[in-house]
Amino acid sequence: MRRARPGAARGGAPRMPAAGGGRAEPGPRGGPLRQRESRQLPGGPARPAAPPAAARPAALALVTLLSFASRFHRLPEPPHVCWDETHFGKMGSYYINRTFFFDVHPPLGKMLIGLAGYLSGYDGTFPFQKPGDRYDQHNYVGMRGFCAFLGSCLVPFAYLTVLELSKSLPAALLTAFILIFDTGCITLSQYILLDPILMFFLMGAVLSMVKCNSCADRPFSASWWFWLSLTGVNLAGAMGVKFVGLFVVLLVGLNTIYDLWDLLGNLSLSLVMFGKHLLARVLCLILLPLALYTAMFAVHFTVLNKSGPGDGFFSSAFQSQLIGNNLHNVSVPEYLAYGSVVTMKNLRMAGGYLHSHWHLYPEGVGARQQQVTAYLHKDLNNLWIIKKHDSDTADLSDPSSPVEFVRHGDIIRLEHKETSRNLHSHQHEAPLTRKHFQVTGYGINGTGDSNDFWRIEVVGRKTGKLIKVLRSQVRLTHVTTGCILGSSGKTLPKWGWEQVEVTCTPYLKETPNSLWNFEDHINPKLPNISLDVLKPSFAEILLESHMVMIRGNSGLKPKDNEVTSKPWHWPINYQGLRFSGINETDYRVYLLGNPVIWWLNLVTLGLYLLIAVSTAVTLKRGVQLTSELKELSRVVLHGGGQITLGWLLHYLPFFMMGRVLYFHHYFPAMLFSSMLTGITWDTLLKFCAGFLSPSTTARRVYGGGFLALVLLIMYSFYLFHPLSYGMIGPMASDPNSPMAGLRWMDSWEF
């Protein structure tokens, strides 16, 4: 096996040795027999003439112009809230008003939407309550325009990426036309959504990675540093919009590992120089993205400093920093003591406060005793008195009596302040959660039985340690049964006032459902401290926000009558999404990919696999190839291989996700599929044209095939463009509808 020639241009591509290693092989594999095995034509296969270099800027300008025209056409229509604009438009308003909220995605996309609205004159007062609400005088076009701008950039990004990988202008143009005339990409780019922002950074990262690979023969040059750094910036952007940005991080990571492994095998490269390559990538692809990603959250928490609808998802310590929250600028005793009046907040997302009221559990639901629930709002019925398990605390209310602090491992009673009943559990089954025990209020004026005893334990603390308000995470273990007090997260029926079920779980696995912290704390015998002393550090807030987002993502379930889908539906364009309107009189917009484009992409996946396997086998067998066919082989295996890997990384993980999924989740993978289509068909047409002897015939076949694909794509867009730009009138099932005959699948709903 030959070593790579020192100083050879690398360009990020795998090096392919010449047939037979560049020398004749002895024995039956060399000599005339090898010549007979070769399918090379005399003088090499005819090849369509390459377009002049001057055509490339003109082509880029053309596809960019068409992309912007298609995305900005009828942008203000319809003038009402469409689909998820109700979420992301509202979140943009929260940034303008500096109101804290919670979302399952990182903050960058919403921050940019809010910034776009602010700069375009939107004042943040529109409520975004539900789809169909009219914008009236509110300026919404700026936010839509920002998303359309980023969505328009996807076309030139894909064009430049394919051009760099294939060195073929027709392949790049075919990719651009696919994305320009895809109705799904147009629709997704025209509304206030995170998807165009995510795909902008995703494609920016891929383009920067490919450009950086092309500079591999001049490492540490200005252009090399620029593209490497820009790759890191785009990775941070993709991760900062949605967690699925991790997929492009993985793609770039695998490319980097391959690149470093290739460098390590270059014996002309000293280990010191290899170390510089490694440090440069650590700096630009790890440290820089992490710094930018962290900075996004710093800006997020700095801007959103007012209490809002997201408070309840976060810890009490975090809430104490929000202006307008009832914990802001409050002073309370720092450590718990017997006789203290407290509220307890469950640490699960939206877990609520430990709560009770005079109402009893109904007949047939465990013991007919006083209900204990978790309530999401502040209320006097959330107050509990901490007592010793073996004595009353009436004497502790005497100002002259000594203060006795509650410590980790103590056995206590919790008496409900309003009803004087003790927190109680027994082996009756919980109302909703099977195999969990019921939790009730029991006793008269604080007098109950041994089922009222609970052991209080602080996570990560030793016996005897004091318990701190806000910061200590505690669990209450029922002394008699050994179960742990927790919130199941399930909503009780109307007899439970639709509050959250509280149970005692016999399963000792530590989860946020079974952890609590003390929030309000009243004890006149103890000195108060400002809650600012207990405020969490930025690192703690950053960690907490990610834990809340991860739990929120995993807990996403479909709403009533909501259209969801499965990953296998997506490549076949099985079912779309209604963005606007349902009835004949409505202005209807339907998110569905251009069927011709999507099915062409689907067929191309199989076609590429066939071509790639054939090419790999041909090279492995040492068949002699002309320089043109060698270049086509490099494009297929290296360029197409990178794009295929990107498609796999952005598609296959959804099969393993337990959360609710929607059709629009496929669009990042669709970008890779479209680029692969451009590369594959360009390669196939060149290969077919290469076996036609007269160059004029070859050019006609190649040009005719390319033109036929483009015309097919444009005609299909002409048929289906109302899906993106709006339909009014009869549904497609009506013969009088302008979309009549175009409902090719029964699952399409337009």
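Author: Lys242 is buried, with a relative accessibility of 8% (buried means under 20% relative accessible area, exposed over 50%, partly exposed in between, with a 1.4 Å probe and protein chains only). The model is predicted, so local features need pLDDT of at least 70 and side-chain atom pairs count only at pLDDT 80 or more, while totals for chains, interfaces and linings use all residues. Residues are numbered from 1 along each chain as its sequence is written, and side-chain values use heavy atoms, with hydrogens and water left out.

Lys242 sits in the loop between helix H9 (222–241) and helix H10 (246–264); helices (H or I, at least four residues) and strands (E, at least two) are DSSP runs numbered from the N terminus. Leaving aside residues up to four places away in sequence, Lys242 touches His105, Pro106, Leu194, Asp195, Leu198 and His664 (contact: heavy atoms within 4.5 Å).

On the H9 side the contact includes Trp224, Trp225, Leu228 and Met239, and on the H11 side His277, Cys284, Leu288 and Met296 are among the residues involved.

Trp225 also belongs to a nonpolar surface patch with Leu283, Ile286, Leu287 and Leu290, and together they have about 450 Å² of accessible area. Helix H11 (residues 271–303) supplies the largest share of this patch, four residues. Ile286, found in H11, is partly exposed at 43% relative accessible area. Patches are made of residues with over 30% relative accessible area and no salt bridge, like charges being joined within 9 Å and nonpolar side chains (Val, Leu, Ile, Met, Phe, Trp, Tyr) within 5 Å; areas come from the Shrake-Rupley method with a 1.4 Å probe, and for residues only the protein chains shown count as cover.

Charged pairs occur elsewhere: the whole structure holds 18 salt bridges (a side-chain nitrogen of Lys or Arg within 4 Å of a carboxyl oxygen of Asp or Glu). One of them joins Lys378 and Glu519, at 2.1 Å from N to O. Lys378 lies in the loop between strands S4 (370–375) and S5 (384–388) and Glu519 in strand S13 (residues 516–522), so the pair ties together parts 141 residues apart in sequence. Lys378 is partly exposed at 36%, whereas Glu519 is buried at 0%.
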